Amino acid sequence: MRVFVGITGASGTPYAVRLLSALRDAGVSLFIAVSRNGMEIMRHECGDVNLKSFGRVYDNDDLSAPVCSGSFHLDAAVVIPASCNTISRIAYGLADTVITRVALVCLKEGRKLVVVPRETPVAAPTLRAMTALAEMGVVVLPASPAFYHRPRSVDDMLDFIAGRVMDALGISNDLYTRWSGAHS
Ligand SMILES: Cc1cc2nc3c(=O)[nH]c(=O)nc-3n(C[C@H](O)[C@H](O)[C@H](O)COP(=O)(O)O)c2cc1C
């Protein structure tokens, strides 16, 4: 499987790093771009991350990159974390960066697109953009960890979101403990 991962300027970049690691371990070929603010926030939240250890990394401004073309073999894309800015741009079909262009290509080619918003509270324009995306078939998967699996650490919470994204991509995983009834 070949998956694009876009990292934008929202808090929650550790979710992206955890997902990249899980996808790589699952044998997925990865194509990656990071927005300018995404890079700054990732440095702040995660320290130095060697993105090249996960896959091919593109300059987010390089719109001539092969990954921007519909002819590039890609199965799915994930924007994690997805800023309100990028969510709105994708909802309106803007394609001014590698991340927004890949998202638009996924929409036009009928490929799976997962966006992982991280914002609270959420303003009406962003809610409208998320509704528009959901109506276009995009999986809107907020970075909102559950507690029914009784997480004991931040890592457990990261694993929950990474696991739910893998579920949305159709990749089997046991990153989190699934609900199996109230009495188990
Ligand atoms: C430290 C920091 C944290 C931020 N956290 C969020 C956030 O959680 N969600 C969000 O939508 N924007 C957040 N922002 C604002 C975005 O980075 C900003 O809107 C930017 O334009 C997003 O650009 P991008 O979509 O190209 O990455 C944050 C900015 C900074 C500096």
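This briefing describes the sheet, the helix packing, the ligand surroundings and some backbone details of the structure above. The model is a predicted one, in which local features need pLDDT of at least 70 and side-chain atom pairs count only at pLDDT 80 or more, while totals for chains, interfaces and linings use all residues. Residues are numbered from 1 along each chain as its sequence is written. Helices (H or I, at least four residues) and strands (E, at least two) are DSSP runs, numbered from the N terminus.

**The sheet**

- Six strands form an open sheet in the order β3-β2-β1-β4-β5-β6, with parallel pairing, where two strands pair if DSSP finds at least two bridges between them.
- The edge strands, each of which pairs on one side only, are β3 (56–59) and β6 (139–140).
- Six bridges join strand β1 (residues 2–7) to strand β2 (residues 29–34) in the parallel sense, and Gly 6 has Ala 33 in β2 as its bridge partner.

**Helix packing**

- Helix α1 (residues 13–25) packs against α2 at an angle of about 85°, with the axes 8 Å apart; axes are lines fitted to C-alpha atoms, for helices over the stretch in contact, and angles run from 0 to 180 degrees between N-to-C directions.
- The helices α1 and α2 are therefore roughly perpendicular to each other, given that angles under 35 degrees count as roughly parallel, over 145 as roughly antiparallel, 65 to 115 as roughly perpendicular and the rest as oblique.
- This contact brings together Thr 13, Pro 14 and Val 17 of α1 and Gly 38, Ile 41, Met 42, Glu 45 and Cys 46 of α2, where two residues are in contact if their C-beta atoms, placed from the backbone, lie within 7 Å.
- The residues of the contact of α1 with α2 comprise five nonpolar, two polar and one charged; Ala, Val, Leu, Ile, Met, Phe, Trp, Tyr, Cys and Pro count as nonpolar, Asp, Glu, Lys and Arg as charged, and the others, Gly among them, as polar.
- With helix α6 (residues 154–169), α1 packs at an angle of about 55°, the axes being 9 Å apart, which makes α1 oblique to α6.
- On the α1 side, this contact is made by Pro 14, Tyr 15, Arg 18, Leu 19 and Ala 22, and on the α6 side by Leu 158, Asp 159, Ile 161, Ala 162, Val 165 and Met 166; by class, the contact of α1 with α6 has nine nonpolar, no polar and two charged residues.
- Packing between α3 and helix α5 (residues 124–135) is at an angle of about 45°, with their axes 9 Å apart, and α3 and α5 are therefore oblique to each other.
- In the contact of α3 with α5 there are nine nonpolar, two polar and no charged residues.

**Around the ligand**

- The ligand has 14 residues around it, of which Thr 8, Gly 9, Ala 10, Ser 35 and Asn 37 come nearest; a residue is near a molecule or strand if its C-beta atom, placed from the backbone, lies within 6 Å of it.
- Two or more residues of this shell come from each of the elements α2 (36–46) and α3 (84–91).
- By class, the shell around the ligand consists of three nonpolar, nine polar and two charged residues.

**Backbone details**

- The peptide bond from Ile 80 to Pro 81 is cis, with omega near -15°, and Pro 81 belongs to strand β4 (residues 76–82).
- A cis peptide bond also leads from Thr 120 to Pro 121, with omega near -10°, and Pro 121 is found in the loop between β5 (112–117) and α5.
- Although Arg 150 is not a glycine, its phi is positive, at about 55°, and Arg 150 sits in the loop between β6 and α6.
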